[in-house]
Amino acid sequence: MVALDAKGDAIWIQVPKTKMNKFVGKIEEQKTYLIRNFDVVKEEKGFRPVPGDMFIEFTSGTTMVPAADVVPPFREHCFRFLKHEDMYPNRGQRTLLLDVVGQLKEHYRTRESTSTNRNSKHKELQSCCLMKVVLWGRLPSTLEKIIEASNNRNVVMVITSVFVSEWNEELKLSSSGATIIYDRLNLNEVNVLKERTVDTAPKLIEEEKRQVVGPLSIEELKALASDYANQNKIVAVNCKANDVFTEWHYDGCEKCLCKVESESTKFYCKKCRLTMNHSFKRFSA
């Protein structure tokens, strides 16, 4: 979670899994709390939802109680919006998460993936600048509820803490574990966008109705890619893996995203302190 002080400065708070039950259901957004007995940690590699390399980590002695008698003029939210052109310098970075505000133009039905022997769902949508946003975990269900509650009207949302990547010279956004979707915020950026956009319902694209082309040769695939009218088609290609670039992926833990160490025929995760017989291929950013 992100904490905001009366001066508008923000810091990321991390609650270890072993101490999560102590605070679940007791912390609400927009409430003021008094926090005692915590650690301040410096992190240089992990992602962070706000700028800065320091974060607060709760300990076994941490207490967080409502500060009913202290009501300073806090800001309601702390977002870091960037223009489309300003996102390019941040593409591929896995340390800083950005926020985006946009109008929902198109969305796909939820897809399921079992590439890691676990069922995971994601949804794609288009924002006002025609950027693809991929939502993971429970976020697709959140988006579906927002669309249903909109009654086929204009949907302007704020999506927080997203990664920026680039694919075929186009920017794409992907949600993280810190991502939250807001659709009813009284923000200047949201209100201005609602006034500028046309009040139309987001278009649902049925994945099963998209045309499947192929199998194709590589030359045929290149020719197809150059035609913009073919961009929404699913293409099948018969090919043989001639080489595998191992730097694109790593052996990951079955419970977390950390890299595991190989020990003969077994694998060990330092974070989970777990030894396993099989690793899971994780793709590098």
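Guide: Here is a walk through some sheets, a helix and a cavity.

Visitor: What should I know about the source before we start?

Guide: This is a predicted model, where local features need pLDDT of at least 70 and side-chain atom pairs count only at pLDDT 80 or more, while totals for chains, interfaces and linings use all residues. Residues are numbered from 1 along each chain as its sequence is written, and side-chain values use heavy atoms, with hydrogens and water left out.

Visitor: Okay, in what order do the strands of the E1 sheet come?

Guide: The order is E1-E2-E4-E3, in an open sheet of 4 strands with mixed pairing. Strands here are DSSP runs (E, at least two residues) and helices are too (H or I, at least four), numbered from the N terminus. Two strands pair if DSSP finds at least two bridges between them.

Visitor: And which strands stand at the edges?

Guide: Strands E1 (2–4) and E3 (33–42) do; each has a single partner strand, so one side of each is left without a neighbour in the sheet. On average, neighbouring strands of this sheet are turned by 45 degrees against each other, direction ignored. For such angles, axes are lines fitted to C-alpha atoms, for helices over the stretch in contact, and angles run from 0 to 180 degrees between N-to-C directions.

Visitor: How many bridges join E3 to E4?

Guide: There are 9, and E3 runs antiparallel to E4 (residues 54–66). In that pairing, Tyr33 stands opposite Pro66 of E4.

Visitor: Switching topic: how many cavities of 30 Å³ or more are there?

Guide: The structure holds 2 of them. A cavity is a set of points, on a 1 Å grid over the protein atoms alone, where a 1.4 Å probe fits but cannot get out; lining residues have an atom within 4 Å of a point.

Visitor: Now helix H1. Which residues are buried there?

Guide: In H1 (residues 139–149), Leu139, Pro140, Leu143, Ile146 and Ile147 are buried. Buried means under 20% relative accessible area, exposed over 50%, and partly exposed in between (1.4 Å probe, protein chains only).

Visitor: Where do they fall, seen down the axis?

Guide: The buried residues of H1 fall within an arc of 120 degrees, so they line one face of the helix. The arc is that of the directions from the helix axis to the C-beta atoms. On the face turned away from the buried side, H1 carries the exposed residues Lys145 and Glu148. Just after H1, Asn151 takes a positive phi of about 55 degrees.

Visitor: Is E10 mostly covered or mostly open?

Guide: Mostly covered: 9 of the 12 residues in E10 (residues 156–167) are buried.

Visitor: Which strands does E10 join by bridges, then?

Guide: Among them is E5 (residues 98–103), antiparallel to E10 through 5 bridges, with Leu98 partnering Val162. E11 (residues 170–175) also runs antiparallel to E10, through 6 bridges, and there Val162 stands opposite Ser175. E12 (residues 181–182) joins E10 by 2 bridges, again antiparallel, with Ile159 opposite Ile181.

Definitions and conventions
1 Å grid on protein atoms, 1.4 Å probe; cavity = no way out; pocket = protein on both sides within 12 Å on 5 of 7 lines; lining within 4 Å. Points joined across faces, edges and corners; volume = space filled by probe spheres on them.
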